[in-house]
Amino acid sequence: MAPVQVCAKAAVGAPNDLGDCPFSQRVLLTLEEKKIPYDMKLIDVSNKPQWFLDISPEGKVPVLNTSEKWVPDSDVITQILEEKYPEPSLVTPPEYASVGSKIFPSFVKFLKSKDPADGSEQALLDELKALDDHLKAHGPYIAGEKVTAADLSLAPKLYHLEIALGHFKNWTVPENLTAVHNYTKALFSRESFVKTKASKEHVIAGWAPKVNA
C-alpha cells in the first residue's frame with residue numbers, strides 16, 4: 001500500500017516538531033488506528049511554503065492526498081479515510097456522533113475570558129458534566145467498548161484543554177467527573193495518541209497568543 005501524504009502543523013518555533021493542531025492530530029490518529037501508512041510533511045503556518053499554498057490555497061492544515069487530490073478539513077478527510085479504508089471501522093453510531101462536540105468551543109471561550117463572572121467556566125463545566133454522564137451510561141468510550149471517530153476527534157481537544165487551562169488558568173477538570181478522567185487517561189495512553197501528540201510546551205506556545213490577545 002503506497003503511503004498517503006498528509007500535511008500537518010509544525011510547532012511554533014520548532015519547524016521539525018509536530019505542532020499543536022488538534023485537527024491535524026485527529027487525522028493522524030485516524031491513520032494510526034487504521035494502520036494506514038502515511039508520509040507526513042510539517043508546515044510552518046507562519047511561513048507557508050509556496051508548494052503548500054499551491055495545494056491548499058486557503059493555507060489550512062491538515063490536508064491529505066489520496067488519489068492525486070489534496071483534500072482539506074479534518075471532517076472531510078476522516079470521512080474519506082473511513083470510506084476508502086473501512087477496516088477497522090471507526091464509524092460512530094449517529095445518535096452518539098455529537099457527544100462532546102460543544103466542549104472545545106466552550107473551552108476556548110473560558111480560556112480567553114478575562115471576566116470571571118461571564119459564565120464561561122460554568123458553561124464548560126456543564127459540557128464536561130454532560131460528557132461524564134454519557135460515559136457513565138454508555139462508556140468507557142463514547143460509543144461503548146471500542147474507540148470510534150468521535151473519540152479521535154475529542155481526544156486532542158481534551159488534551160489541549162487539560163494543558164492550556166492548567167497552564168494559563170491553573171484550572172483542572174473536577175475530580176468528581178471520574179468517567180471523564182478515566183476516559184482521558186485511556187485515550188491519552190493509546191499508542192496512536194502517544195505517537196501523534198504535540199509536546200506540552202508546544203501546546204502552550206500555540207495558545208499563548210490567543211490568550212494574551
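This is a predicted model: local features need pLDDT of at least 70, side-chain atom pairs count only at pLDDT 80 or more; totals for chains, interfaces and linings use all residues.
User: Start with the record. Which residues does UniProt list for "domain: GST N-terminal"?

Analyst: The unreviewed UniProt entry lists residues 11-89 for that domain. In the model, this span is 37% helix and 25% strand. Its end C-alpha atoms are 31 Å apart.

User: And which residues does the annotation "domain: GST C-terminal" cover?

Analyst: Residues 73-213, again according to the unreviewed UniProt entry. Here the model gives 64% helix and 0% strand. The end C-alpha atoms of residues 73-213 lie 26 Å apart.

User: Now helix packing. At what angle do the axes of α1 and α6 cross?

Analyst: Helix α1 spans residues 22-33 and helix α6 spans residues 149-169. Their axes come within 8 Å and cross at roughly 135 degrees. That angle makes α1 oblique to α6, because only angles over 145 degrees count as roughly antiparallel. The crossing of α1 past α6 is right-handed.

User: Which residues of α1 and α6 meet?

Analyst: From α1 come P22, F23, Q25, R26, L29, T30 and E33. From α6 come L152, S153, P156, K157 and H160. By class, the residues of this α1 and α6 contact are 5 nonpolar, 4 polar and 3 charged.

User: α6 also meets α9. How do the axes of α6 and α9 cross?

Analyst: Helix α9 covers residues 200-211. The axes of α6 and α9 come within 9 Å, crossing at roughly 65 degrees. That makes α6 roughly perpendicular to α9. Handedness is read separately: the crossing of α6 and α9 is right-handed.

User: Which residues make the contact of α6 with α9?

Analyst: α6 supplies Y159, H160, I163, A164, H167 and F168. α9 supplies K200, V203, I204, W207, A208 and V211. The residues of the α6 and α9 contact divide into 9 nonpolar, 2 polar and 1 charged. Note H160: it is listed in the contact with α1 and in the contact with α9.

User: Take one more pair. At what angle do α4 and α5 cross?

Analyst: Helix α4 holds residues 103-112. Its axis and that of α5 come within 8 Å and cross at roughly 155 degrees. α4 and α5 are therefore roughly antiparallel to each other. α4 passes α5 in a left-handed crossing.

User: What residues meet there, between α4 and α5?

Analyst: On α4, they are I103, S106, F107, K109 and F110. On α5, they are S120, E121, A123, L124, E127, L128 and L131. The tally for α4 with α5 is 7 nonpolar, 2 polar and 3 charged.

User: Next, charges. How many salt bridges does a search of the whole structure find?

Analyst: The general idea first. Side chains of opposite charge can pair when their charged atoms come close. The whole structure has 9 salt bridges by this search. One of them joins D20 and K9, whose closest N and O atoms are 2.8 Å apart.

User: Which parts does the pair of D20 and K9 tie together?

Analyst: K9 is in strand β1, residues 4-11. D20 is in the loop between β2 (14-18) and α1. The pair therefore ties together parts that are 11 residues apart in sequence.

User: Now the backbone. Which peptide bonds are cis?

Analyst: Most residues other than glycine have a negative phi, and most peptide bonds are trans. Two cis bonds to look at here end in prolines. From V61 to P62, the bond is cis with omega near 0 degrees. P62 sits in the loop between α2 (50-55) and β4 (63-66). From G139 to P140, the bond is cis with omega near 10 degrees. P140 lies in the loop between α5 (120-138) and α6.

User: And phi: is the value for K35 positive or negative?

Analyst: Positive: phi of K35 is near 55 degrees, in a residue other than glycine. K35 is placed in the loop between α1 and β3 (38-43).

Key:
Residues are numbered from 1 along each chain as its sequence is written. Side-chain values use heavy atoms; hydrogens and water are left out. Axes are lines fitted to C-alpha atoms, for helices over the stretch in contact, and angles run from 0 to 180 degrees between N-to-C directions. Helices (H or I, at least four residues) and strands (E, at least two) are DSSP runs, numbered from the N terminus. Angles under 35 degrees count as roughly parallel, over 145 as roughly antiparallel, 65 to 115 as roughly perpendicular and the rest as oblique. A crossing is left-handed if the near helix is turned anticlockwise from the far one by less than a right angle, and right-handed if clockwise. Contact means heavy atoms within 4.5 Å. Ala, Val, Leu, Ile, Met, Phe, Trp, Tyr, Cys and Pro count as nonpolar, Asp, Glu, Lys and Arg as charged, and the others, Gly among them, as polar. UniProt positions are given in the numbering used here, feature names are shortened, and annotations may be inferred rather than shown by experiment. A salt bridge is a side-chain nitrogen of Lys or Arg within 4 Å of a carboxyl oxygen of Asp or Glu.
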